[in-house]
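Have the viewer open as you read.

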Amino acid sequence: MIIDGKKVAAELREELKKKVTELKSTYNAVPGLTVILVGEDPPSKIYVRNKEKSANEVGINSEVIKYPENVEEKVLLNKIIELNNNNNVSGILVQLPLPKHIDKRKVIETMNPRKDVDGFHPMNVGNLSSGYDSSIPCTPLGCYLLIKKIEKNLNGKHAVIIGRSNLNGKPMIQLLLKENCTVTITHSKTKDLRAECSRADIIIAAVGRPKLVKGDWVKKGAIVIDVGINKTDSGLVGDVDFDEVSKVAKAITPVPGGVGPMTIACLLNNTVECFKKTQSN
Ligand code: NAP
């Protein structure tokens, strides 16, 4: 089975559109997402454009603030403080990567954690790992929702995550632990990745290495979620060898059209959740 991320994301956006309409009639206000884009990185510009378009489609007010590559760090931090205090802004997202002269950590920590739609603020990271309410990073949340579409009960499943980034692998651990999975996290120093994968009921590959996961690494009937986006001469490919693995997996996400669309839909979901939190106080 090929997991259609585009379809699941469209369903989620449809639900969010209805929620936004309801929120508008309850609070006479709609969620607002502000994205800060620094510099001219072409992929970042595309991501930001897509985020803005999707937000508008579900009725979220969206705004993009652009700064040149050489913007001073304090200008950026002051803008974040201003947005923290602006009641019309429910969610703030600073598009990464940032130029080297800007301290990413300072930027994230300046943000009000309640407006942190990416779930990168240490308070959200801590809350997620303690099992408390938190903003959840969008891509792992998207992966989680796709897995749950395939299998409602994950009790006791063995999940192997490839990649330990703060963005993907680490939050994924918490989401799967909460579902009572037994979780193995692997990385570039893992001794025998193939052996680890071959024991998995669920594999999440978030590596950035084209077609790393091969058909004979995967147990028959496993669920395989491919987060990777790799540009190759033959186009965009994931971290999983789709042709080989789709023959053995029970369900697999394609690249493109799998996790990618879910990431943006989850960002909108997080914006709506942040709005609800700010309205309830
Ligand atoms: P990252 O920060 O570069 O982390 C990559 C991880 O993979 C690291 O933990 C690294 O191990 C591990 N790794 C590298 N080579 C490995 C190997 N041969 N075997 C096992 N582990 C290996 O990457 P990221 O930001 O998490 O992104 C991963 C991929 O997801 C990229 O292709 C990115 O474009 C894609 N992505 C997709 C979406 C989406 O919406 N679909 C969103 C975000 C990212 P060490 O820690 O030991 O270095």
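Apart from neighbours within four places in sequence, K79 is in contact with I36, I65 and Y67, where contact means heavy atoms within 4.5 Å. K79 sits in helix 3 (residues 73-84). At a relative accessible area of 18%, this lysine is buried; the cut-offs are under 20% for buried, over 50% for exposed and partly exposed in between, using a 1.4 Å probe and protein chains only.

A word on what you're looking at: this is a predicted model, so local features need pLDDT of at least 70 and side-chain atom pairs count only at pLDDT 80 or more, while totals for chains, interfaces and linings use all residues. Numbering runs from 1 along each chain as its sequence is written, and side-chain values use heavy atoms, with hydrogens and water left out.

Skipping neighbours within four places in sequence, S62 touches L33, E52, A55 and N56. K51 is 11 residues away from S62 in sequence, with 8.6 Å between the C-alpha atoms.

Zooming out, the protein chain has 10 helices and 10 strands. Those are DSSP runs numbered from the N terminus: H or I with at least four residues for helices, E with at least two for strands. The radius of gyration is 19 Å, which agrees with the value near 19 Å for a compact globule of 281 residues; it is taken over C-alpha atoms, and the globule rule is 2.2 Å times the number of residues to the power 0.38. Along the principal axes, the C-alpha atoms fill a box of roughly 55 × 40 × 35 Å. Of the 281 residues, 50% count as buried. Among contacts with a separation of 6 or more, 70% link residues 24 or more positions apart.

How do helix 6 (residues 138-150) and helix 10 (residues 259-279) cross, and at what angle? Their axes come within 8 Å and cross at roughly 110°, which makes helix 6 roughly perpendicular to helix 10. Axes here are lines fitted to C-alpha atoms over the stretch in contact, with angles from 0 to 180 degrees between N-to-C directions; 65 to 115 degrees counts as roughly perpendicular. On the helix 6 side, the residues involved include C138, L141 and L145, and on the helix 10 side they include V259, M262 and C266. The contact has 9 nonpolar, 5 polar and no charged residues.

Helix 7 (residues 169-178) has G169, P171, M172, I173, L175 and L176 as its buried residues. Their cover includes helix 5 (122-130), helix 6, strand 4 (158-162), strand 5 (182-186) and strand 6 (202-205).

| Peptide bond | Geometry |
|---|---|
| L96 to P97 | cis, omega near 5° |
| V255 to P256 | cis, omega near 0° |

P97 lies in the loop between strand 3 (91-94) and helix 4 (104-110), and P256 in the loop between strand 10 (251-252) and helix 10.

Then there's phi. N28 has a positive phi of about 55° although it is not a glycine, and belongs to the loop between helix 1 (5-27) and strand 1 (32-38). With 71% relative accessibility, N28 is exposed.

Conventions:
Parallel < 35°, antiparallel > 145°, perpendicular 65-115°, else oblique. Nonpolar A, V, L, I, M, F, W, Y, C, P; charged D, E, K, R; others polar.
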